[in-house]
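Here is a set of questions and answers on one protein model. Take a look at the fold before reading on.

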Amino acid sequence: MSQRSLRVRYLLQRARRLSLGNVTEFARQVQRVSRAPLPVIVADMLWCSVRYEMGFRDYAVWDIRLLNARERATWMTHPKAIRLNNTLNGPDSAALLGDKPRFYRDFSDMIGRAWIDAADADDEAVAAFLAAHPRVLVKPARGEGGRGIDTFDAADIADVPAWRRQLIEDGRTLVEELLPQHESMNELYAGSVNTLRIITYLRPDGSFHVIAAVLRIGNGGVVDNFAGGGMFTMLDDDGVARWGAVDKNSNVFAQHPVTGTTIAGFAVPRFAEALAMVEAAARRLPTVPYVGWDVAITPDGPALIEANHNSSVFQMKPSVSGVRTGLLSRYRDAIGSGVLDKRR
């Protein structure tokens with residue numbers, strides 16, 4: 001099949017899955033930085049989805065409408081990241097990383113917190129855990145994007161057996177000690193644990209590569225996830241925030257709206273230790289070489305939150321950074337061009 005035919009087929013597949021509401025939402029986000037009519041923007045979004053293997057949210061979040069063809073070709077995209085996951089990571093990747101209790105057991109020396117699975121523990125064990133930890137965080141044993149995460153004060157749980165049954169019914173059975181974070185991270189925003197997403201690749205020759213480092217920051221909620229209302233900014237190789245932060249609605253924050261802390265120039269404490277930890281963790285997963293690691297910085301050092309075999313892609317909007325090129329070259333430098341340049 002010709003490349004033209006492949007692209008047409010891909011366009012038709014995307015068209016069948018289109019949600020008109022989502023496309024309109026993304027197109028209106030684009031209009032914040034472009035005066036083009038909505039039909040022109042939508043047509044360009046569809047073209048970019050074929051020509052550059054680009055998601056609609058990618059197009060909106062990264063100001064693709066403002067870029068020329070040469071610049072557009074430099075951006076890593078979520079469809080490409082999905083292909084990396086499917087091509088590079090072994091069939092056991094979801095079992096190794098998506099099952100949080102298993103991940104916690106495998107990396108017990110790196111997670112830095114106590115936990116219990118309410119589905120496996122009995123009422124007495126859960127009650128003892130709550131007695132030892134006055135405030136806890138609850139999350140699904142399997143899940144992503146920050147969905148289903150909540151915090152509880154143990155003193156407010158009057159009926160532990162009923163509470164445990166509700167957690168099981170809701171599928172939110174992981175109960176964890178609330179992880180303290182470094183004082184500097186609290187000054188940035190204390191309402192959530194502000195984590196790093198460090199995207200790495202372990203080559204077959206054993207060389208380890210950091211592709212991107214991201215600082216994720218909560219904004220009014222208990223999670224810092226981009227999809228859950230948080231914001232992010234990119235870090236340089238020393239762990240210093242290069243620019244202000246953005247959220248999923250393309251709002252830009254030079255200072256944190258709750259704390260007033262300036263984001264650009266914020267230096268993540270103990271960043272070198274975090275890099276060393278994820279490299280050590282990566283070397284335990286030879287069948288999952290492409291990983292997005294979530295890391296908290298506690299007063300005692302970095303702690304693994306989780307690892308993602310299907311990591312999102314993070315790049316900064318040109319309208320914020322002034323940089324009109326994306327990070328595709330960093331992915332190519334780490335992974336090689338073969339998989340990334342493979343045509344659909």
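Q: Which residue of β6 is the bridge partner of L196?
A: This is a predicted model. L196 belongs to strand β5, residues 196-202. β5 is joined to strand β6, residues 208-217, by seven bridges. Within β6, L196 has as its bridge partner L215.

Q: Which residue of β10 is the bridge partner of L196?
A: β5 is also joined to β10, which spans residues 290-298. Six bridges link the two, and they run antiparallel. On the β10 side, L196 is paired with V295.

Q: Is strand β5 largely enclosed or left open by the rest of the structure?
A: Buried means under 20% relative accessible area. Seven of the seven residues of β5 fall in that class. The strand is therefore largely enclosed.

Q: Which residues of β5 point the opposite way from L196, I198, T200 and L202?
A: In a regular strand, side chains alternate between the two faces of the sheet. One set in β5 is L196, I198, T200 and L202. Both sets are buried. The other set is R197, I199 and Y201.

Q: Which residue in the turn between β5 and β6 has a positive phi?
A: The two strands form a hairpin. Five residues lie between them. The turn includes a residue with phi of about 95°, and that residue is G206.

Q: In what order do the seven strands of the open sheet lie?
A: Strands of a sheet pair through backbone hydrogen bonds, either parallel or antiparallel. Here the pairing is antiparallel. The order is β9-β8-β7-β6-β5-β10-β11.

Q: Which strands stand at the edges of that sheet?
A: An edge strand here has a single partner strand, so one side is left without a neighbour in the sheet.

Q: Which residue of β11 does G292 stand opposite?
A: β10 pairs with β11 in the antiparallel sense. Seven bridges hold that pairing. G292 faces N308.

**Two loop residues**

Q: Is S250 buried or exposed?
A: S250 sits in the loop between β8 (245-247) and β9. Its phi is near 70°, a positive value in a residue other than glycine. The cut-off for burial is under 20% relative accessible area. S250 has 10% relative accessibility, so this residue counts as buried.

Q: Which accessibility class does R270 count in?
A: R270 lies in the loop between β9 and α12, the latter covering 271-282. Phi is positive for R270 too, near 55°. The partly exposed class lies between the buried limit of 20% and the exposed limit of 50%. At 31% relative accessibility, R270 is therefore partly exposed.

**The whole protein**

Q: What radius of gyration does the protein have?
A: The protein has 15 helices and eleven strands. Its C-alpha atoms fill a box of roughly 65 × 45 × 40 Å along the principal axes. For 344 residues, a compact globule would come near 20 Å. The protein agrees with that, at 21 Å.

Q: What share of the contacts with a separation of 6 or more joins residues 24 or more positions apart?
A: Of the 344 residues, 50% count as buried. Among contacts with a separation of 6 or more, the share from residues 24 or more positions apart is 63%.

Q: How far apart are the centres of the positive and negative side chains?
A: The positive set has 42 side chains. The negative set has 39. Their centres lie apart by 14 Å.

Technical notes: Residues numbered from 1 in each chain as written. Predicted model: local features only at pLDDT ≥ 70, side-chain atom pairs only at ≥ 80, totals over all residues. Heavy atoms only, no water. Helix = DSSP H or I, 4+ residues; strand = E, 2+ residues; numbered from the N terminus. Rg over C-alpha atoms; globule rule 2.2 N^0.38 Å. Buried < 20%, exposed > 50% of the residue type's maximum accessible area, 1.4 Å probe, protein only. Contact = heavy atoms within 4.5 Å. Lys, Arg positive; Asp, Glu negative; His and termini not counted. Charge placed at Lys NZ, Arg CZ, Asp CG, Glu CD. Pairing = 2+ DSSP bridges.
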